[in-house]
Amino acid sequence: MGTFKNTANLEEIEVRTSMSVKAFLVVISTGFVVLMIYKLPNELFNWQKFNPNGIFTLAFIAVFILFILSWMSLLDNQPKFKIDKSAFWVRKTILPFSSLTLINWEDIKHVEYSSVRQKNRTSFFFIIYRKDSSKTKRIELDNIDQRIKEVLNVIRKFSSIMNYVDRINVTQ
């Protein structure tokens, strides 16, 4: 229902992280924690012999932190970013339950839609350039619940989008 609302109304759009990605991270992190508890019960918190077993304990703590963060992100229902006629709302950090920060359209020089080709996949992202500062904000577009075309259409209403294709359209 929300997708139909966003396609009908190009004035605003809320973009969230895909639920399938969140669920996948929860399953993987839970599997690692359960596997470590099952396979290494005596090595995890044996403080008398910390030197040889300390690596297992530190690895377990790191995996457990990822486990907690993945479950928190599954419960987090806030948007990754939101675009409306007044501003571009972006998460302050990548942590779950992070608040949204406001970037007014008057403060945005342009939004760059770019990609990076890595070994077997291409990652897409926005870079928001501000007018009065050299600070930029990078927003990853992989694993979002909206189509990129819809997001680009909303941004085009309020700001200029720069990339190779748009620069050709502007000069012709």
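This is a predicted model: local features need pLDDT of at least 70, side-chain atom pairs count only at pLDDT 80 or more; totals for chains, interfaces and linings use all residues.
At least two lining residues come from each of helix H2 (19–39), helix H4 (50–75), strand S3 (87–91) and strand S7 (136–140). Helix H2 provides the largest share, with 6 residues.

Attention now turns to the aromatic rings, where the count comes to 7 aromatic pairs. Phe 60 and Phe 64 form a stacked pair, because their planes meet at 25°, under the 30 degrees cut-off, with the ring centres 5.9 Å apart. These two residues of helix H4 are 4 residues apart, and are therefore separated by about one helical turn. Phe 60 is buried, at 8% relative accessible area, whereas Phe 64 is partly exposed, at 35%.

A second pair, Phe 81 with Phe 126, is edge-to-face, with 6.2 Å from centre to centre and 75° between the planes. This pair links distant parts of the chain, since Phe 81 lies in strand S2 and Phe 126 in strand S6, 45 residues apart. Phe 81 is buried, with 0% relative accessibility, and Phe 126 is buried at 0% as well. Both belong to one aromatic cluster, together with Phe 88, Trp 105, Tyr 113 and Phe 124.

Finally, a charge meets a ring at Phe 125: the charged end of Arg 138 sits over this ring, 3.7 Å from its centre.

Key: Residues are numbered from 1 along each chain as its sequence is written. Side-chain values use heavy atoms; hydrogens and water are left out. Rings of Phe, Tyr and Trp (its six-membered ring) pair if their centres lie within 6.5 Å; planes under 30 degrees apart count as stacked, over 60 as edge-to-face and the rest as tilted. Buried means under 20% relative accessible area, exposed over 50%, partly exposed in between (1.4 Å probe, protein chains only). A charge sits over a ring if NZ of Lys or CZ of Arg is within 6 Å of the ring centre and within 35 degrees of the ring normal.
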